[in-house]
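Morning, everyone. Please bring up the model on your screens, and we'll walk through it.

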Amino acid sequence: MLRKSLVVSLAVALAGCGGGSGGGETAPVDVALSGVIDIEAGTRVDVDTADSLSLNPSPSDSVQALPAEFILAGYVSSEDGSYPTAGGFPGTDYFTDALDRFALNLAPDQRVSLQAFATRAGRSGLTLRLLDPVSGDLIASVSTSETTSQVSVSLADDNTRSWPEGTYRIEVLADSTPMLYILSSSASGLSAQSVHEWPNHQFVEGEAIVALEQEQGFQGAASAQMSALGMTEMRGLGRGLWRVRMAETVSQGDGNRASQTLAWIESLRKDGAVKSAVPNYLVRSQETPVSEPLYADPALGQQWHYELLNAPIAWQLAQDGGQGVSVAVLDTGLFGRPGNWHVDLNANVGITEDFVSGEYDNDGDPEPDDNPSDPGNSVGGSVYHGTHVAGTVAAAVNQRGGGGIAYQSTLVPVRVLGEGGTGSSEDLLNALNWVAGGDTGPIRADIVNLSLGGLPFIQNLQDAINLGTARGAIYVAAAGNAASSTPSYPAAFDNVFAVSAVDGAGVLSTYSNFGSWVDLAAPGGDASRDGNADGRGDLVSSTSAAVIDGTLTATYAGLQGTSMAAPHVSGVLALMKNENALLDYPAVNAMLQAGKLTVSSCDNACRNDELGWGLMDAAKSVLAASEAPVTDLLTASPAIVTLSTEGASSATVSLEVYGDSPTTVTIDTVQLKSPAAWLDVGAVEPADSGTSFTIDLSLIPEALEEGVSERTALQINYTGGESRTLEIPVIGQQLADQALRNAGRHFVLLVDPVPEGDIFTTVSQATVEVVNGQYQFSFRPDDGVEPRFLSEVPPGNYFLVAGSDLDNDGLICHAGEACAEYPVSGLREEITITAGEAIQGIRMTTSYSRPTISAQSPDVLPRPGFEGYRLLSAQPDNETTKSIR
């Protein structure tokens, strides 16, 4: 699935240029390679970075205005000087800019966050201050340090008085040496939760998971062979796989334990007796952190995510609520203890298991057992992640709180994550094999929910999923929260439905991963948005636990993440499986790709990289699985309509009576539930009576305040066998971000894909400025004349990368600066430049965030210590000539 999807992506991106390897158009004489670099939404840049000061050395005294939701990269330094020479790379200059000033409109609960990044000159502290712009009164002040790189301020930090919503001043002050920083905020009080440093995949130091080329007939023979290869402490994992530890006698040179582990694994891979060797990667839960969990009674009216999913109609069609279908939730376990789980879950819990072992097991028993109780974290708070996920799938309807999607299904909690929501890939593998039924079967669950990730491709995990799929299990996984298109596993494995997350308006959440490997989308929430215009951030409410009056108590929490999206899909699959017990992955996948399970962006089945085949529609899905007729139930597609000045400003709502032989209904009235001057509602078409209708909706932008969402509902009263009412939520937004996006001057590089040591050699360079929120770049074919332009490129294979150099150190793409890699950041693919041919239509996205996964292949190890790509020249004019042959 992954490789096929990637080929499709390359074919589109290269616009018929054969994947960058020839066979393209006849080249214009002045273009060898060209394309566009988009900018992540809300991105801004400090007006006086060291890069801009190299062109004009006078720091700005102005106050830079920022929107309510933004992510900005900046530079400050209280001194000037030169960076030290490193690795033969000459030092460049940095400049004095001791203070950056910003102004933005703040709400009382809104928080502004700062993350500091060291430069080649070293690390020093930064101070973040919040002030009243009129009086200059200091409201809050915090500083970073050697141990604290992230700080934040809000109006609520001042305990002496209450500050109203209004415009306030934010200042970032330098201590001494030059530093980079990321400043971010959102209107709901949650700052951008992105990763801004290149990942160094977490794994168990000194351990590996290996398979030998020749299977041994007994353990003693395998032990002897492994010992000869420098391995000890083996443990069989089944099907020829072993967890091994690096022998103390193994020497892999200088460096820390992690570097030695990677070097040891690399040496194992080169040995002919080893079939495969990968680190024992750690896996983490896939919810994005919220400043504080929001506790509330999740009555159905508060669970907007069910409305967006069209679940109320689905429940009318599938009145058994998933009864008889088992759903395994591989996660942190459940709050409570056997026989006394969370009050909303206890009635539906079936068989249980705990696979967490070793240092990650914090339940008092360090070995796997059959008790998946979640003890919470020993340090800090716990969101009871597994309890929250399980509630979305299978919370019972008991008049105590909101029910789950499949509220009568059987929950199979399997604990694979321990302290801090972390576990090992070995434990996950054991759990997957158990759910699949081991060597002989049968499967122990019909649906398997995996709201976890952070792994690269690991073949033995894929094999375990393949085994379960062959036996009839259906796997669903969270796509991940890195706002990246880099494949994240287990979601990107074959035979797994990868689920991205949307907000209350059905728009891709700011944190959600996306890409050609995503299958469909579901509500995951976004605390930085009020997409459903209910006056609150779009958090998914479900079962949890919290300390109330000194006692740990079962309660409810609002969270966000693709972790929250995946169980919505698992719950709907349980409803479908209840209607048709024979459904398996191939059958469901065929329905998905035929457009029978989702609300798509087109009339017929189609997909995109954000929502896959579309936003899941529970009602359509149950109908696709059911053979039982329905009578006069009218439903809408889409179930919620969002109109925006940056997205669709008009929409057509399709009304259909469900069933193969639908009953004719009559539309009695169509009206707005509340006044909305910003919405134009067309007449019902084609007639007042029938089995299908359409209504056109259009946005009136001038009736909206910029940056503010408005909400109403279209109320349709109709009569069939009886009188009924259908409500369709409608949201209107006037947004203005695209033209204002700016990530700073960008350097676009073609680099030799074969590094010299740890250094990549740059061959060609173009420099571009932002125009209407994006960058356009091009490279010339090499004309063979010396000296040549920096932007000329000779034929060959290259990595295409781009980024800003905000600290003017001659490097792009290190932490705190914007970066784009083709086709996606963290997953570089070679582009072939051929004489006489042009590659056009390349598209990349630049951002300050970094992917959590840097490799799609088990043959690629993490790339720790990456410092960036070197520039050919610090001059701004890409027509500057320089002999570089």
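Let me start with a term. A crossing is left-handed if the near helix is turned anticlockwise from the far one by less than a right angle, and right-handed if clockwise. Keep that in mind. One more thing before we go on: this is a predicted model.

First stop, helices H8 and H9. H8 covers residues 425-435, and H9 covers residues 459-470. Which hand does the crossing of H8 and H9 have? It is left-handed. The axes lie 9 Å apart, and the packing angle is about 15°. Angles under 35 degrees count as roughly parallel, so H8 and H9 are roughly parallel to each other. Now the residues that meet. From H8 we have Ser425, Leu428, Leu429, Leu432 and Asn433. Facing them from H9 are Asn460, Leu461, Ala464 and Ile465. By class, that contact has six nonpolar residues, three polar and no charged ones.

Next stop, H10 and H12. H10 runs over residues 562-579, H12 over residues 618-625. Their axes are 8 Å apart, at an angle of about 25°. That angle is why H10 and H12 also count as roughly parallel to each other. The crossing here is right-handed. H10 brings Val572, Leu575, Met576 and Glu579 to the contact. H12 brings Ala618, Ser621, Val622 and Ala625. The classes are six nonpolar, one polar and one charged.

Now the nonpolar cores. In soluble globular proteins, nonpolar side chains tend to be buried together. How many residues does the largest nonpolar core have here? It has 94. Those with the most contacts inside it are Phe497, Leu573, Leu634, Leu655, Leu697 and Ile728. H10 gives the most to this core, with nine residues. Zoom in on Phe497. Beyond its sequence neighbours, Phe497 touches several residues, including Ile474, Tyr475, Leu520, Leu573, Tyr585 and Leu592.

Last stop, glutamate 353. This residue sits in strand E22, residues 353-354. Is glutamate 353 buried or exposed? Buried means under 20% relative accessible area. Glutamate 353 is at 17%, so it counts as buried. What does glutamate 353 touch, leaving out residues up to four places away in sequence? Asp369, Asp370, Pro372, Pro413, Val414, Arg415 and Trp434. Finally, proline 368 is 15 residues from glutamate 353 in sequence, and 7.8 Å from it in space, C-alpha to C-alpha.

That's the tour. Thanks.

Definitions and conventions:
Residues are numbered from 1 along each chain as its sequence is written. This is a predicted model: local features need pLDDT of at least 70, side-chain atom pairs count only at pLDDT 80 or more; totals for chains, interfaces and linings use all residues. Side-chain values use heavy atoms; hydrogens and water are left out. Helices (H or I, at least four residues) and strands (E, at least two) are DSSP runs, numbered from the N terminus. Buried means under 20% relative accessible area, exposed over 50%, partly exposed in between (1.4 Å probe, protein chains only). Contact means heavy atoms within 4.5 Å. Axes are lines fitted to C-alpha atoms, for helices over the stretch in contact, and angles run from 0 to 180 degrees between N-to-C directions. Angles under 35 degrees count as roughly parallel, over 145 as roughly antiparallel, 65 to 115 as roughly perpendicular and the rest as oblique. Ala, Val, Leu, Ile, Met, Phe, Trp, Tyr, Cys and Pro count as nonpolar, Asp, Glu, Lys and Arg as charged, and the others, Gly among them, as polar. A nonpolar core is a set of buried Ala, Val, Leu, Ile, Met, Phe, Trp, Tyr and Cys residues joined through side-chain atoms within 4.5 Å.
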